Amino acid sequence: MSELLSSLLQDARVWQGHKHRKTNQSAEPTGYQVLDNQLGGLGWPRGALSECLLDTCGIGELHLVLPLIQRVSQEGKTIFWLNPPHTPYAPALAREGVSLDHLVMINTRDQNDFLWTLENCLRSPVTGLVLAWPGRLAGRDIRRLQLASEAGGNVCVLFRSRREVDQNSPAALRLELIPGEHQDLKVNIIKRRGSWPGQRCSLALGQRADITNKESSQVVQGPWSGAGR
Amino acid sequence: MLWLYLHFPHLLLDHIRRHQPPTGALVIVDGAGHFVVQACPTARDLGIETGMRLKTALGLAPDLNIMRADPKQEAWLLEDQARWLYHYAAHITLAPPDGIWAEVSSLQKLYGGLPAIWQTVEQALTERQLTAWVAIAHTPSAARLLAHTGKGECTADKGHILTALGNLPLLATGFDKKSSTRLQRLGLNTLGEVFALPAAELARRLSPELLAVVQKIQGTRADPKAPWQPPHTFRQRADFIQEVEHSQGLLFSLQRILAELEEDLCWRQQDTDTLLLMLQHRHEEPTRLRIRTTGPEHRAQVFLKLIQLKLDQQPLRAPVTSLVLAVKRFTGREAPGGQDLLGETQDLNEAWHTLISRLQARLGEQALKQLAPREDHRPECAWSASDVRKPGKPYRIASGQLPHRPLWLLKGPRPLLQTPVVWHSGPERISGGWWDGQRVHRDYYIAQLPGGELAWVFRDVQDGWFIHGWFG
């Protein structure tokens, strides 16, 4: 029996959990200490895809990447926004200290153009960060993007629907984003390289709307007679 | 003074064969289409000669390719030749329809002697796959005569040149018909015998005009030639014997034209950012394509990639009979910066321009935008989108002065359909726009919707509630 086991252990196809190697891939800190700790002190992987899976906009998903945007734009590298679902609001970005000169918005007509553009952006040395809202993606397209990403060594964050949580994906990092009760953002790590997934943490992002807890009681409650129409 | 004359016996033929891989026998016919004017070597092997009737030629070679001579195009072609010759000589004069003069006595020192000049020109002709008969003489007319008869030699010896001229038969001199007949009746058969006549008698018995021609050949009468100036535009044309149906077929000649453009730009020390490509069709309006790069560029490879992208986006409407590539905008070249001596660090500036050009060529220039805040109280007017520019010096906006705003702005306000669960701040009244007719009068709140998202909602004058942004 032990002979059988040892021959099995010799087989390269058997993955052994206790032997997990520390990844030596480079990464960018997320800017949130809590999340960095959960990610093994790394952050957003460079030269690989990261996925954020979320249901709706407005739960703090941009604030999750904002520290990275700030840092990359101040380094003078270009940040591409591909098919953002709404208009990134320039005054708000400027207020956060993002250098707008380094932001390029791209809207593509169809999926082929989208993939082509994303691939080109990923492979270029001028790119620092790509934020993309791809809609539906086939598995082989993600694989292609992953290869382009490896070639370029940039950070790429794809914002996808939470319905795709169960879909198999070659992305190096997958985060599920769920809004919390108190304007915070719950992050579930679905997949990461070099360790077990399953960690979760919660980021307080109330400051994105300038909210502190004591203030909410002072708000003038709107004349909410016509609500719900 | 010494003059070099280049006579191009079949320029149009060379031009066509240069732009298309050899496809078989080819002849050029005159405007009316009756006679063969120029014949390629393959055609000559089949027995076709210049001056032959087209019908006879077709009898000899049934699958003959035929092009019609076009004086306008020949003039263009001659200018083309002058353009490259101008790289080697400063004083150039065109001799339409098929020749160019270049003044070479001032170049001897630069090139190190007449043989070196001769060799340089011959080499340039070979590189361009051109056939030309070259001659050097001490007057422009003499050089032309010698070149036309193919008796040109690389010599600056006046006596030698005069002997060569003297041996030319009268028929080759190009005198007008009446004068040649009269000279022949006088028993004169070579140019040398005409030279020997006393000038006064020649003018009296024949005509003063003939004397002027003879004296210009001899060099006893002034024959000034105005120098040609290269045009400040680039224009190249390729003609196809067989119509090209796929854009791939255009690449062969485009490559050559772009290589010439690169050479031309390098030589001028200039760059360009706009190429105009015109594709001519037989029965339709020509297709005009504008290829733009984001920054100054001169490399043929980059242009070719952009053109390929453009052609992929726009398939050919109809088969192409000829293409014209023109460049009208030139910019002075900047000193290359950013690259270190060993070329180890990548030139990011260049990479940026390459990437943006590629994206714009495929997606259209409207697809790429940059954002900037604008001074306005109305949220939808407080930002602007502009074409992509290379980032300049970073500037910082005093962030404290800007009001708190959401990171997402909706493309237009969307009706609020759910009752918010928590109200966070507000109201913030924004009222403005009375000055340009787009009046806005709203109270803005920050509210949390049941789904957990933070929304920027407002109530307008009519008590309607709308979402205008998300705190992403």
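## Working through a predicted model

L68(A) sits in helix α3 of chain A; helices here are DSSP runs of H or I with at least four residues, strands are E runs of at least two, and both are numbered from the N terminus. This is a predicted model, where local features need pLDDT of at least 70, side-chain atom pairs count only at pLDDT 80 or more, and totals for chains, interfaces and linings use all residues. Residues are numbered from 1 along each chain as its sequence is written, chains are lettered from A and ligands numbered from 1 in the order in which they are written, and side-chain values use heavy atoms, with hydrogens and water left out.

**Exercise 1.** Work out whether L68(A) is buried or exposed, and what L68(A) touches.

*Step 1.* L68(A) has 0% relative accessibility, so it counts as buried.

*Step 2.* Now look for contacts (heavy atoms within 4.5 Å). Skipping residues up to four places away in sequence, L68(A) touches E28(A), W44(A), L129(A) and V155(A).

**Exercise 2.** Find which residues of the largest nonpolar core touch the most other members.

*Step 1.* A nonpolar core is a set of buried Ala, Val, Leu, Ile, Met, Phe, Trp, Tyr and Cys residues joined through side-chain atoms within 4.5 Å.

*Step 2.* The largest one has 67 residues, and W44(A), L64(A) and W81(A) touch the most other members.

*Step 3.* Helix α3 (residues 61–75) of chain A gives the most to this core, 7 residues.

*Step 4.* Apart from it there's another core, of 61 residues, including W116(A) and F303(B).

**Exercise 3.** Give the strand order of the open sheet of 4 strands in chain B.

*Step 1.* Two strands pair if DSSP finds at least two bridges between them.

*Step 2.* The order is β5-β6-β1-β7, with antiparallel pairing.

*Step 3.* β5 (92–95) and β7 of chain B are the edge strands, each pairing on one side only.

*Step 4.* Zoom in: β5(B) and β6 (residues 99–103) of chain B pair over 4 bridges, and A95(B) stands opposite G99(B).

Conventions. Buried means under 20% relative accessible area, exposed over 50%, partly exposed in between (1.4 Å probe, protein chains only).
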